[in-house]
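Trainee: I would like to go through this structure by asking about it piece by piece.
Mentor: Go ahead; here it is.

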Amino acid sequence: MTTVSIVTPCLNAEPFIERTIESVLSQKGDFTLEYIVVDGVSVDGTLDIIKRYDGKLSWVSERDPGQTAAINKGLRMTSGEIVAFLNADDVYKPGAIQRVVEAFDGSTAQWAFGKCDIIDIDGNEIRKSITSYKNYHLRNATRNRLLAENFISQPAVFWRRSIMEQCGVFDEAEHYVMDYEYWLRLWNQFEPIYIDSVLSSFRWYETSKSGSGFGKQFADELRVAKKYAGNNHLAILLHHINYYKIVSSYTVMAWMRKAFPR
C-alpha cells in the first residue's frame, strides 16, 4: 500500500491549525498516511492543539530560520512514496489524497497538481474569478506557460519522494516563492500530470503572508522566471505583462477593501 507523507510547517497558527490537521487526518482511502507537523516554537496555543493529536501525527518544535527551512526539515523526516506540504492555514478537500494516489498509480509521472479554491478566515469560498482563471491555465499547462505566469496553487501539488534525490528540496533563500521555484526546477526534468479535481483550499486573509506581501511575492516570481527561462524572451515578456496586471489588480482590490469595508 502506498504511503503518503504530508508536512505542515507552522508558527503561532492557533486560529487555523486544528482545521488543517483535521483535514489531513480525516483523509480516507487505499493508502497509509504519515503526517508530520514542524513547529517553530509557537508562543500561542498552537502546541497545545498539536499535542492533542499525539499518536495520530508526528511533530517537532524547535527554532528554525523560517518557513522554507521548516518545510525541508519535515520533508527529510518523511518516508512515504508520495509527499507534499500543507501550510497551517490551508486545508485538503475530503478524498483529495485518494484521488492523488489513484492518479499516480499506473503512471510514471513524478509530480502532479490539481485544482485549489480560495477561502476566507471562516472557510467561505472567495475570489472565484481568480480560481476560474487559474483552472483554465491548469487544464492547458505547459512549462512555457508556467514561465509566463504562476498558476499552480501550492496546496494542490504532490510529488514522488524519490525525485528529491535528483532535484533536492526547496531553496531556503526563497521566502515567498520557494514553491514556484521548485515547480520550475521539477519541470526542467519531469512532465507533471494534471488531476482534474479540487484537492485543497488556500486560505487568504489580509494579514497572511500572501495577503500582506503580494508585491514582494510577484516580484520574486518574475525574478525566478528569468532564472529558468534561458533564451525564452517571449515568456519573460509575458511574465512582465502579467506582473503589472496582477499587481495592479491586487492593489485595486486592497484599496476597495479599505474604501468600502464590510
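Trainee: Which residues are buried in α3?
Mentor: This is a predicted model, in which local features need pLDDT of at least 70 and side-chain atom pairs count only at pLDDT 80 or more, while totals for chains, interfaces and linings use all residues. Residues are numbered from 1 along each chain as its sequence is written, and side-chain values use heavy atoms, with hydrogens and water left out. Buried means under 20% relative accessible area, exposed over 50%, and partly exposed in between (1.4 Å probe, protein chains only). In α3 the buried residues are Thr68, Ala69, Ala70, Ile71, Asn72, Lys73, Gly74 and Leu75.

Trainee: How many of the residues of α8 are buried?
Mentor: Helices (H or I, at least four residues) and strands (E, at least two) are DSSP runs, numbered from the N terminus. The buried residues of α8 include Met178, Tyr182 and Trp187. Helix α8 is mostly covered, and the buried count is ten of its ten residues.

Trainee: What is the relative accessible area of Thr68?
Mentor: Thr68 sits in helix α3 (residues 67-77). Contact means heavy atoms within 4.5 Å, and, not counting residues up to four places away in sequence, Thr68 touches Phe170, Asp171, Glu172, Glu174, His175 and Met178. Thr68 counts as buried because its relative accessible area is 2%.

Trainee: Which residue forms a salt bridge with Lys73?
Mentor: A salt bridge is a side-chain nitrogen of Lys or Arg within 4 Å of a carboxyl oxygen of Asp or Glu. The structure holds ten of them. In this one, N to O is 3.0 Å, and the partner of Lys73 is Glu62.

Trainee: Is Lys115 buried or exposed?
Mentor: Lys115 forms a salt bridge with Asp196, the closest N and O atoms being 2.9 Å apart. The pair links strand β6 (residues 111-119) with strand β9 (residues 193-203), 81 residues apart. Asp196 is exposed because its relative accessible area is 52%. Lys115 has 16%, so the word for Lys115 is buried.

Trainee: How many residues apart are Lys245 and Glu149?
Mentor: Their side chains meet in a salt bridge (3.8 Å, N to O). Lys245 is in helix α11 (residues 233-259), and Glu149 is in the loop between α6 (143-148) and β8 (157-160), so the pair links distant parts of the chain, with a separation in residues of 96.
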